[in-house]
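Student: Could we go through this structure together, one question at a time?
Tutor: Gladly, please bring it up and ask away.

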Amino acid sequence: MSGTTPADVVCLGESMVTFLPSRPGRLADVPSFGRGIGGAESNVACALAAAGHRTAWVSRVGADGFGDHLVEAVAAYGVDTSFVRRDPSRPTGIYFRTATDRDTDVHEVAYYRAGSAASAMSPSTVPCDGLPTGRILHLSGITAALSADCLALLHELTAPRVGRPLISFDVNYRPGLWRGESPAVLLEPARRADVVFVGEDEAEAAWGVVGAAAIREALPEPGVVVVKRGADGVTVFSHEPGLRASNAGGADEVTHVPALRVDVVAPVGAGDAFAAGFLSATLRGLPVRDRARHGHLMAAAVLTVPGDLTAPPAREHADRLAALDDDAWGRLRLGPGWTGDDTEVRTP
């Protein structure tokens, strides 16, 4: 992507070098770790680039080897990394995690990101007029938890302004990151966004809001609110797909899309992949139901591999599955290898 060609999606946020365990168990018992990359926003950028979209990642990393690795690894997916700045006085963040699902009691994550280069992002270090142009700007609530300056940046990026791109906001509430400010501050950028992704569990934990309908009541302004309901799928509230609601509080189109049955290999990265699939279908102007189905399919691609990122299904393959009738969709079961071979798509 050239410097003069607008991106389809610009993603802003911290990415870290991830150390993945060589086997299940407590961090204290794992003998060795493999190196990977992790970051909600860069995951979305990489997935969208792999799906054929022009993407850019905006962030700050240290002037160190880990920063080199991050930039090179993200760029290898076809993402424009020319807007990533190097900080000579702050390190690149890293973290270690166990192999278990983050929703289980035995899951552990050890972050070493305090004082990281990305935590120094602010309205002065990442000015709005210095961002690459794009149709969509994708942000997440993780940025707000990094520092007061990052929270101020999030407020500035989501503020109404002439020429503002469509804002996609994934609430991405991570309790372990919130040590000072209340996660209630995530309500303001969510209400300013155009497309919001939020889990029922996160809304209850962060805001005390229970249930999909109550979440929509708490977020009346966005044109699209995607409420993720785990194994029950997603409920999408929309006025005009992809646009801010001109009649906030008015009648919604409510679309429920069941989740797929998936033979899970590793339960990480699915939320970012879902957002990428939904945004990809949004860019293509597909109906709300198909946007959610493409989100489920992109999530299934990640769930059936060991890491946070993988090649998505070919567009024709995904379109064919997304177009199935409700009965056939409900009978799908996806296992490892399904993205490259139709024979792996089972309908028992």
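Predicted model: local features only at pLDDT ≥ 70, side-chain atom pairs only at ≥ 80, totals over all residues.

Student: How many residues line the second largest pocket?
Tutor: A pocket is an open set of points on a 1 Å grid over the protein atoms alone, where a 1.4 Å probe fits, with protein on both sides within 12 Å along at least five of seven lines; lining residues have an atom within 4 Å of a point. Ala145, Leu146, Ser147, Leu177 and Arg179 lie nearest the centre of this pocket. The number of residues in its lining is 18.

Student: What is the strand order of the open sheet of four strands?
Tutor: Two strands pair if DSSP finds at least two bridges between them. β3 (33-38) and β7 (109-112) each have a single partner strand, so they stand at the edges. Between β2 (residues 16-21) and β6 (residues 94-97), which run parallel, there are three bridges, and Val17 stands opposite Ile94 in β6. With mixed pairing, the order is β3-β2-β6-β7.

Student: Which helix packs on the sheet?
Tutor: Look for contact, meaning heavy atoms within 4.5 Å. The helix in question spans residues 65-75 and touches β2, β3 and β6. The helix is α2.

Student: Is Thr98 buried or exposed?
Tutor: Thr98 sits in the loop between β6 and β7. Its contacts, not counting residues up to four places away in sequence, include Pro21, Leu27 and His107. Buried means under 20% relative accessible area, exposed over 50%, and partly exposed in between (1.4 Å probe, protein chains only). At a relative accessible area of 1%, Thr98 is buried.

Student: What is the phi of Asn172?
Tutor: Asn172 lies in the loop between β9 (166-170) and α5 (187-192), and it is buried, with a relative accessible area of 6%. Its phi is positive, in a residue other than glycine, with a value near 45°.

Technical notes. Residues numbered from 1 in each chain as written. Heavy atoms only, no water. Helix = DSSP H or I, 4+ residues; strand = E, 2+ residues; numbered from the N terminus. Axes fitted to C-alpha atoms, helices over the stretch in contact; angles between N-to-C directions.
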